[in-house]
Amino acid sequence: MMALFSSPHLHGGNHSQRLMLLVLAAAVPGLVAQIYWFGFGTLLNVIWAITLGLALEASVLLMRKRPLGFFLKDGSVIVTGLLLALALPPMAPWWLVSVATLFAVVFAKHLYGGLGNNPFNPAMAGYAICLIAFPTSMTLWTSSGEYFNLPDQWLWFWTEQGNVDAITQATPLDAMKHLQGNTIKEMLAANPTIVNYADAMFWINLAYLAGGLGLMLLKVFTWHAPVAMLSSLSIMAFLFGTGEPDLYAGPSEHLLLGATMLGAFFIITDPVSSATSRSGKLVFGVGIGVLIYIIRTWGAYPDAVAFAVLLMNLCAPLIDQYTKPKAYGQQH
Amino acid sequence: MKTLFDFPGGVHPPQHKQQSNPGKLMDLPLPQRLLIPLSQHIGAPAKPLVKVGDQVYKGQLIALATGAISANVHATSSGLVSAIASFPVAHASGLDAMCIELETDGQDTWHPDITTANPGQLDEQEIRQRVLAAGIVGMGGAGFPSAAKLATDTPIHTLLVNGVECEPYITADDTVMQIYSHEIILGTKLALGLLKQSTCKLVIEDNKPQAIAAMLQASAGHDDIEVIVIPTKYPSGGEKQLIQNVTGQQVPRGKIPANLGILCQNVATMKAIYDAVYLGQPSIERIITVTGDGVKQAGNYRLRIGTCADYVLQQCQAEQPNSQVIIGGPMMGFQLPNTHVPLIKTSNCLLVPSAKALSDASPAMACIRCGQCEIACPAQLLPQQLYWLAKSDAFDKIEQYNLMDCIECGACAYVCPSQIPLVQHYRYAKGMLRQKATEARQAELSKQRFEAREQRLLDEVTAKEERRKTRAAAAAAAQAAKRASNTEQADPVKAAQARLAAKQKTPAHDTAHQATLANNSATNEVSHKDLKTAAAIARTKFKKANKAYEDAKAADHEDTDKLQTMVHDLQQRSEQTAQALAEFESQVQVDPEAEKQAQITWAKANAQVRKLNKSAPDSSTPDDEKAAHKEALQVAQKNLEQAQAKLDHIKNSSKEAQS
Amino acid sequence: MDIIIFAIVSLTLMALLFGGILGYAAKRLKVEGDPIVDQINALLPQTQCGQCGHPGCRPYAEAIAQQADPINLCPPGGETTIKALADLLDVEVLSLDAEAGVDSVPKIAYIREDECIGCTKCIQACPVDAILGAAKLMHTVIVNECTGCDLCVEPCPVDCIDMLPIPITSQTWHWQKPQQLIATDRQLEQEIVGDPSL
């Protein structure tokens, strides 16, 4: 007998692969900007994370006795690898990238049942575990414009050989947190490299913003989560920053430094681990924005996107429970 | 132009409407065989009125509607009834249903009773009758009987005539509107007349300019009919979506459009109403789109109800048999498991797409909760959540996510990037929910019946026990009465009465039948005894034979058959004698004298009690007197109780005897 | 010394106080009936078939409530009922006890009316009064009320009762769950990827 399929018999032609490809493409401007300002480290990270991610995914699928070609094809592990590598510092050595990828793909994704079943954003889970386990390595950022050439970077990536002290420094967000009695202005005046660095971050964030807006226009995701996150972060920064402009970074610093735009458009829009309804995404985004501000300002870590996202991932089922939209005919 | 509203969600699939040449109507030669299902509508199937071998005319009523929600079925051409049996019908399950099979004679002779009429001369009741008799059902797909819909009690202020036809490929309604615009308007006027104070909004999607033009022209001069053009968006033709689109209102959950004062009807239904009232013709044909890349002669055809799909496909030169065939549109239609099925009043399209045009049924990937389905859902549900719940059989939870509000439009599956057959998941879950509800109802019913039976068995046991107790009490009463008469020396009259009472009590009470027998003639006594003996003998014989049979059976004897017959005979004999005995006993009359006596006894005992109660001792009376009085009272009360019981008993047995 | 007396006195007072409160609460908030039995009974399929060894569903529910019987003795309920019971009672899911019977498709009894001798034995056996008939007259099963419990089959002296599976009609038919590609064997992949016509 002929296999019968239920209606609809038409399909709009949208495929998961297409969505994944679009995300990859939209991340390219950010990647280029990051390479331009901080050197080839990021590129090596990306290549290594994706290669290793695919290998790990393949071996886990084999162990789970799942069809290989079918699941590798969905491209989700490539996106995870890319986002993870973009979030890692450019000076991350191979083992750090490996640990992060392993944790992201094997622990955060497949142990929970693979694509679609992971409660946490895999990239952020991998990032967070490294941030906790290897805090020094995770804060190795080059000064903008003063980075290794490709062969040196290659050497560093595999052997950690090279004069790192000369080229690494604290990130602007870190510096703004540890003012040591100075005001922000005084601190910036004393550290011209930080001003350069902040410029670099500004452009990188703009690149991510551009890519993210593109994705939004192509309806890969809705505006709800990013807009909610960015506005709540700005409002928090405005509320606390206007009172004490000397001690607290303002909205523009929060929006354009650190991983804000990468987070807003590429991380929190991961549909699997976020809240699912549109109103739920608003709550989810607001929660992340608020948490980012709190952790950045009063927490122990310089940036907070990973922790904020993971914490809100935890809340996603609860948010889903309370943001069920009213179905047709129930608005009474 | 009126302001239009929008409805949430929706998709824009490619239209493919020009493929079937809207506006051009074609005919096919009359098939030799017509297969007319008895159930072409929502509600109870119609009941056949003809027999195999009957000669029927075109338009003759061959099956009668049963109940309020049902529709008549008519012969769609003249010929011979060749079968009334189960045939596969156009249903996604491929299951059979009752159909009447006609061998057409090619004459296509109308039934002589079919006459035209001038509705101006018909009163409302006659118009309703004509619509009801014609067996018209909603021709947009749902198939709700139109007469029942128009007979609503709720006041209707807006009649929405649905010419939206939002499914891709289909142009049947488009064609009806282009060719029969005047008939549609006249049919609509009739419907408005039946609904009273109501105006009509005729809604058409903006991708049918010719139909819009035709309807605007035909409706010119009719103030109560307004043609409304809405933007093309699937599923704007869904009843609920249409209402929201035009009025901005949502039909509240669990209510029907009539609760908002709105009634929806399809344009083709309006034309059918015209046919029924003006021409007297029942619903025997419809316009159907035959289209798709797999059909060489795509187009709109006027077809008799009951024409088989494979005949149509063959006439239209469809690629067979490799291509799949869909009845209805590509979004909500269903694939035919078997093309040898009849087309019915609700079939609006026969779609034979090329393999490429349809979704390639590639295996579903994992749901990533991307939310595209949520954006597309016109019912404002969370399809991604429903999918997860359906997949894990969480039926309780899925109900809370309003699965039952899903209209199965398929917009979610259309946009799903993971190619998940979402609608099938929902249909499965809905089916399971319905099944669970039925099972729960059934279980509740079984429980009630089980408990009722338990109660009944218990009651029988207690009643038996009660009877036994009553008999025992009567015996005790006789004893007590004797004692009482001994003690109550002070009142000789009373003692005599008690003695008398006791005497009467014993026979009448112990076993009513014996008592009455004693009062009857000696012959009665004898025959009763004889019967009793005969019954006992028969019973014993049967028991013995039965035992022998059981033993024989246990020992695996071969001749058990003979024994069994014997046992059977004996059992019957035993039963017969027992029955005869019972009959005899029940025939015996209760002696009226005994009843009278019992009544007297009761009255006396009653008087005694009352008297004793009146003369209740006060504080001045000595203690021993008090005690004596108390005792006397107790005895009298007991007497009263016994007399009461006896009286009741006699009354009951006389009642039994009479019945 | 004082402190010991103080401790004893205060503890005694507290014990009395709380004992009183508990006693009052037990009286005031007394739960009528035995709702856990009702809850269990509500989950049982009410076929009253007795395959669990109890005369009807409610007695079995009582036995479960007293923890006298395990939750896996109900073949008509099958896995679903066991799961629901396990959920309710917060115990582990057991597989169906094979001795009690096997989980099978729902059936109903059907009396071959030509062969019925009218002995009324099945009527007496039916726990839900779903068989209609009188002595020496043909009996028949009220289809809507038959629970498919099987109890009438055995007493029939002429074996004229069949247990037939309930037929699927277009009213009761519904779509099956779509096949999932989570299936563990890789053959499925070959079937699907290898055969483009699917």
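Modeller: Let us begin with contact, which means heavy atoms within 4.5 Å. The model is predicted, so local features need pLDDT of at least 70 and side-chain atom pairs count only at pLDDT 80 or more, while totals for chains, interfaces and linings use all residues. Residues are numbered from 1 along each chain as its sequence is written, chains are lettered from A and ligands numbered from 1 in the order in which they are written, and side-chain values use heavy atoms, with hydrogens and water left out.

Biologist: With which residues is B:Pro145 in contact, leaving aside its neighbours within four places in sequence?

Modeller: The partners of B:Pro145 are B:His41, B:Ile42, B:Ile69, B:Ser70, B:Ile136 and B:Val137. B:His41 is 104 residues away from B:Pro145 in sequence, yet the two C-alpha atoms are 6.6 Å apart.

Biologist: Where does B:Pro145 lie, and is B:Pro145 buried or exposed?

Modeller: Helices (H or I, at least four residues) and strands (E, at least two) are DSSP runs, numbered from the N terminus. B:Pro145 lies in the loop between α1 (124-133) and α2 (146-150) of chain B. Buried means under 20% relative accessible area, exposed over 50%, and partly exposed in between, with a 1.4 Å probe and protein chains only. B:Pro145 has a relative accessible area of 2% and is therefore buried.

Biologist: How many residues has the largest nonpolar core?

Modeller: A nonpolar core is a set of buried Ala, Val, Leu, Ile, Met, Phe, Trp, Tyr and Cys residues joined through side-chain atoms within 4.5 Å. The largest has 93 residues, and A:Phe266 and A:Ile288 have the most contacts inside it. Helix α1 (residues 16-38) of chain A gives the most to this core, namely eleven residues. Apart from it lies another core, of 51 residues, including A:Leu10 and B:Leu260.

Biologist: What area is buried between chain A and chain B?

Modeller: Buried area is the accessible area (1.4 Å probe) that two parts lose on being put together, summed over both. Between chain A and chain B the figure is about 4,500 Å², of which carbon and sulfur atoms give 55%. A:His9, A:Leu10 and A:Tyr328 supply 21% of the area that chain A buries against chain B, more than any other three residues. In terms of contact, 42 residues of chain A meet 60 residues of chain B.

Biologist: Which side chains meet in a salt bridge?

Modeller: A salt bridge is a side-chain nitrogen of Lys or Arg within 4 Å of a carboxyl oxygen of Asp or Glu. The count between chain A and chain B is one. The side chains of A:Arg278 and B:Glu374 meet in a salt bridge, at 3.3 Å from N to O.
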